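Trainee: I am new to this structure. Please take me through one part of it closely.

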Amino acid sequence: MNTNTIQHYLSADGIRLTVADTSNVSLEAEAIHHLPPASARILAKAMTGAAILINDFKNHEGISIRWMTGSPLGAIHVDAYDGRFVRGFLDHPEAGEGVPCDDVHEAALAAAKGQLFVTRYSLLKLPYTSTVNLSHGDISACLTEYMNTSEQTLSAVKLDISMTEKGDILRSAGFMAQLLPKGNMGRFAELFRELDHWDLTKDAKEEGSLEKLLVEGRFELLKDGPLTFRCTCSEERIKGTLKSLPEAEKQSLLADPSIEIVCPYCDKKYTIDRDTLSKWFMEGDHVQ
């Protein structure tokens, strides 16, 4: 499959397939956040999952995931938007230090006592949030559970990672298959009953590769495009947030010559001096 892309397919059997390769996205996040291998693996899967959960690509649907793991890892934060951008971070990535990179340990860190909050944004609908309590399984299993429980659409999610011996991400990819109304349920079961059969990090000619799935499922490409790591932080957004603070907190910020704010998604640092803050606060509380 092509790297760093998101692709949307439809089969003659009424099955929708969304495929994403997030290899570069995941490598960039791993480098930005200085992640140990197990944490890099978890964040890569979560970002891939967010990308493929977007259904309404025509109306620029966005997804925001807040994954409360209930483990020392804390929360997983991931956004996918405009059909081509992804960003994410972990509260406590150091919890993955020394943890083996396998599905069992991934499940223990990500979903042993987890709760998943998924907010959807679209040009046509008001934002809405769905919540699912998680009790077992790796990230693929959890997102499959979310789609089948919250979205009430027969779905199958499979996320695959391959890593170097040093623990760096080599390939990161995944798919979500959904049965459309009046779709062939029997055919859906044949293709996706055994999800471990498919591995999107395999080469095209290997059994279980994406290319084999596309041929076997008679999928036709509807749309494809690039997928990159991109943050939405800006000084203007920070300004709006600070102006909305209670008066006591504003005065506390003005006590120092300057403040530094670090974006948790991209690690960009913003230094704002007292004079700038004072000017912002004098403008009033209206936020553009």
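Trainee: Leaving aside neighbours within four places in sequence, which residues is Gly114 in contact with?

Mentor: This is a predicted model, where local features need pLDDT of at least 70, side-chain atom pairs count only at pLDDT 80 or more, and totals for chains, interfaces and linings use all residues. Residues are numbered from 1 along each chain as its sequence is written, and side-chain values use heavy atoms, with hydrogens and water left out.

Gly114 is in contact (heavy atoms within 4.5 Å) with Met68, Thr69, Val132, Asn133 and Leu134, leaving aside neighbours within four places in sequence. Gly114 sits in the loop between α3 and β6. Helices (H or I, at least four residues) and strands (E, at least two) are DSSP runs, numbered from the N terminus. Gly114 counts as buried because its relative accessibility is 5%; buried means under 20% relative accessible area, exposed over 50%, partly exposed in between, with a 1.4 Å probe and protein chains only. Ser209 is 95 residues from Gly114 along the chain, and their C-alpha atoms are 31 Å apart.

Now take α3, residues 103–110. Glu106, Ala107, Leu109 and Ala110 are buried there. They lie on the same side of α3, because they cover an arc of only 165 degrees around the axis. That arc is taken from the directions from the helix axis to the C-beta atoms. Their cover includes α2, β3 and α4 (139–149). At the start of α3, a side-chain oxygen of Asp102 comes to within 3.2 Å of the backbone nitrogen of Val104.

Methods. A polar contact is a pair of N or O atoms within 3.5 Å; within protein, one must be able to donate a hydrogen and the other to accept it, and residues adjacent in sequence count only if both atoms are side-chain atoms.
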